[in-house]
Amino acid sequence: MSAESPNPDLALLAEVADAVRLQEGEMGVRAILQAFRQLAPAPTRAISRRTGLPLPIVAAVGNELRSRGLLGEERPSRLTPRGHALTTELGVELNLNPDCYRCGGLEIAIPAVLNEAVERMKRIMAAAPGVNVALDQSLCTAETKIRRVLALIRAGVLPGGSVLLVGDDDLVSIAIGVVSDVLDVPLASNVTVVDLSADILEYIADTADTLGIDVDLVQHDLRDPLPEDLRGRFDAGMTDPPYTAEGAKLFLSRVVEGLKPGAARNVLFSFGAKGTEEMLDVQREVLDLGLVTHGMIRNFNEYEGSGILGGTGFLQHLLTTATTASLVEGSYEGPLYTREKRSRQREYECVSCSERFPVGVGAQWNSVADLRAAGCPKCGGGPFRPLQLVAE
């Protein structure tokens, strides 16, 4: 196409990015279009995983593309002929997947010998306490639990090392014991869980007792410094904190407090997909703690029913340095969870009747979970599709 008559569809990328206030701009829309070209027909969750963009953002972009005739109305979604033409114009029609065929780009494949461990964890999870979405909890899959144990093995922490789990609603402590039993190899010299939830700690205690697993459990509010008898004791720490920069700072600080002094102590840090500006804040906290990145695997953690994350989150392997120190030596009293920081409302559309409703702080429904529980005020139905943020 000549410079005198540019493809008007190319301007749609900027329009869509502006409509949903996409931090990644036109390149973010381009990435979503490319994912639809490569994966279609594909659900929004698959597009979120491929692009690394949060699920509500992908859904909002998809709705904008659909309203402009680039995506069809059917589910799962696929590009229209006009959408195909645009991806060809953009040069993103190449369908090439360079991910490892065995591990799917996760770097750690579960060997067949641990298939039994996965099945046992699925049975254990079935009776576990439910998640509290207000605390940013999302249960990772049984496969993810086993991969986290394998990550500790690959890092050289296991067998033989001591592990501090700062929060363990994901039951990694139990997974370590199950893998140890299946392999018939003692893995950890000590596993300690620090968690606020009495329900989670009680379930871990009961399960560990039934399976003959040795786990030390400490009920503690992580807003307060780590108990003195846990400080400086562990070879490695693992945490999957609330998905805010403040949550990362606080939970990683408590991990650091528990590690033995010295450089090259291992920290395995899980976190969900966020926008670039939010991730910059998170990584600044990592650096301010004196931690360095030894490795990072996108989509390593798979979660069940995690709407915001698109079902996935990254695993970052961090190492301590000579300057590593906690950033929260005293008690923390500021905002911690996503709901405490959310200041913008987002529109949601009822799939049944197309009525739209604002959701968020100051709206009738504080969260989409509240809206789902109430049902659509107009037709009594649902489900609800996320749209753009409400202008401030």
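Guide: A residue is called buried when its relative accessible area is under 20%, and exposed when that area is over 50%, with partly exposed in between. Please keep in mind as we go that this is a predicted model.

Visitor: With that meaning settled, how many residues of strand β7 are buried?

Guide: Strand β7, which covers residues 312-320, is mostly covered, and nine of its nine residues are buried.

Visitor: Which strands pair with β7, and in which sense do they run?

Guide: As a general idea, side chains in a regular strand alternate between the two faces of the sheet. In this structure, strand β5 (residues 266-272) runs antiparallel to β7 and is joined to β7 by seven bridges, with G272 standing opposite G313 of β7. Strand β6 (residues 291-302) also pairs with β7 in the antiparallel sense, over eight bridges, and here M296 has Q316 in β7 as its bridge partner.

Visitor: Turning to cysteines, how many disulfides does the structure hold?

Guide: A disulfide is read from the distance between two cysteine sulfur atoms, which must lie within 2.5 Å. The structure holds zero disulfides.

Visitor: Which residues form a nonpolar patch on the surface?

Guide: A patch of this kind is built from residues with over 30% relative accessible area, joined when their nonpolar side chains lie within 5 Å. Here V113, L183 and V185 form such a patch on the surface, and together they have about 210 Å² of accessible area. V185 is found in the loop between α8 (172-183) and β2 (190-195), and with a relative accessible area of 34% V185 is partly exposed.

Visitor: Let us move to charged side chains; how many salt bridges does the structure hold?

Guide: The structure holds 20 salt bridges. One of them is formed where the side chains of E74 and R78 meet, at 3.5 Å from N to O. E74 counts as partly exposed, at 34% relative accessibility, and R78 counts as partly exposed too, at 37%.

Visitor: Where do E143 and K122 lie, and what does their pair tie together?

Guide: The side chains of E143 and K122 meet in a salt bridge, with 3.5 Å from N to O. E143 lies in helix α7 (residues 142-154) whereas K122 lies in helix α6 (residues 115-126), so the pair ties together parts that are 21 residues apart in sequence. As for their cover, E143 is partly exposed, with a relative accessible area of 25%, and K122 counts as partly exposed at 38% relative accessibility.

Visitor: Are R356 and E347, whose side chains meet in a salt bridge, buried or partly exposed?

Guide: R356 is partly exposed, with a relative accessible area of 42%, and E347 is partly exposed as well, with a value of 22%. The salt bridge in which their side chains meet has an N to O distance of 3.8 Å.

Visitor: Which residues are linked in a network of salt bridges?

Guide: That network of salt bridges links R231, R254, E257 and E329, and you can look for these four residues in the structure above.

Note on methods
Residues numbered from 1 in each chain as written. Predicted model: local features only at pLDDT ≥ 70, side-chain atom pairs only at ≥ 80, totals over all residues. Heavy atoms only, no water. Buried < 20%, exposed > 50% of the residue type's maximum accessible area, 1.4 Å probe, protein only. Helix = DSSP H or I, 4+ residues; strand = E, 2+ residues; numbered from the N terminus. Pairing = 2+ DSSP bridges. Patch = residues over 30% accessible without salt bridge, like charges linked within 9 Å, V, L, I, M, F, W, Y side chains within 5 Å. Areas by Shrake-Rupley, 256 points an atom, 1.4 Å probe, with all protein chains shown as cover.
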